[in-house]
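This report describes selected features of one protein model. Please examine the sequence and the structure shown below before reading on.

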Amino acid sequence: MADQASLGLMRFDARLRVLSANTAAHRVLERQPGSLPGRSAMETFVDHHLEALIRAAAEGQPGTRARDVGDRVSLVVHAGPALDGGAWVVIEDVTELERLRRIRSEFVDNLSHELRTPLASVRLLTEMLMGDLADADVPVRVKERVATIDVETGHLVQMINELLDLSRMEQTSTRIRQDEIELGPLVEVALSRLRTFADRQEVRLIDSLPPVLAPVRGDEERLERLLVNLLHNAIKYSTAGGSVVVMAEERTDGVVVSVGDEGVGIAVADQARVFERFYKVDRARQRGLGGTGLGLAIARHIVEAHGGRIWVESAEGSGSTFSFTLPRA
């Protein structure tokens, strides 16, 4: 059965020597069939990081590590303890997956750049046309249609910008800064950016941060984008006269920041998927609120890049609270 598996499967004893290895393990490691049993972990992988991974697994600490073999093959190695001592190792060849990810990223980048210029021109011409029609003696329906074109073009521009942002974040070469950041001023900046939008939606913005809060470690620009995305989402789905509150508290594992609203809420069945790209809750679609379906996906990537996690607590008709963790500085 092991020889029929598509993943490489290896069994190491307590001395970190190969007891068995299936056909796929020989293939992904580019070894002759039957040549791996009896070799040490170092002889097998020629990588002291993977040797340490397997040793830790044999001692009861499972783990995973990615590895490149030359310039051609990318491997992900999973190691876990065996019941009778030693360790099991599963080797996953992700070369094709990485190639497809690279193709997707390049496609999104190229398409977005090609669309940006003509869309910017359409947006500019539409704004000029709206100005010309403001005092012109034309039917109201004509002005409304031009205004609709302007709004929909704005949605397209927003989607392209968010696609580019998400594509860059998913590239492994992207690095985030590790600065010491005070959350109070950061929240104030994010609130000020959304205040006009909130006023238009008749939603109150409330800063409920404690007077003393430990600084966090991260990328200030990315964290501001994270807060803006969550605030914009909360305002958009709030009812007129409602409130959006930003809260924070210190815990043993870091600082938890929350954005709560009094909006329509999210069904339990949708809560597990709201952070997926392009996913929109049916209730939001029915209300015709627009949006790209990328804002929460970008938020998740930013949080995970900082080593934190993000989640939502919500009930239909009772609003939603999006929370995320950040490490202390």
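Over the ring of which residue does the charged end of arginine 11 sit? That ring belongs to tryptophan 88. A charge sits over a ring if NZ of Lys or CZ of Arg is within 6 Å of the ring centre and within 35 degrees of the ring normal.

| Charged residue | Ring | Distance from ring centre |
|---|---|---|
| Arginine 11 | Tryptophan 88 | 5.6 Å |
| Arginine 309 | Tryptophan 311 | 4.1 Å |

The model is predicted: local features need pLDDT of at least 70 and side-chain atom pairs 80 or more, whereas totals for chains, interfaces and linings use all residues. Residues are numbered from 1 along each chain as its sequence is written, and side-chain values use heavy atoms, leaving out hydrogens and water.

A search of the whole structure finds one aromatic pair (ring centres of Phe, Tyr or the six-membered ring of Trp within 6.5 Å; planes under 30 degrees apart are stacked, over 60 edge-to-face, the rest tilted). Phenylalanine 275 and phenylalanine 322 form this edge-to-face pair, with 5.9 Å between centres and 85° between planes. Phenylalanine 275 lies in the loop between helix 8 (268-271) and helix 9 (282-286), and phenylalanine 322 in strand 12 (residues 320-326), 47 residues apart. Helices (H or I, at least four residues) and strands (E, at least two) are DSSP runs, numbered from the N terminus. Phenylalanine 275 is buried, with a relative accessible area of 9%, and phenylalanine 322 is buried at 3%. Buried means under 20%, exposed over 50%, and partly exposed in between (1.4 Å probe, protein chains only).
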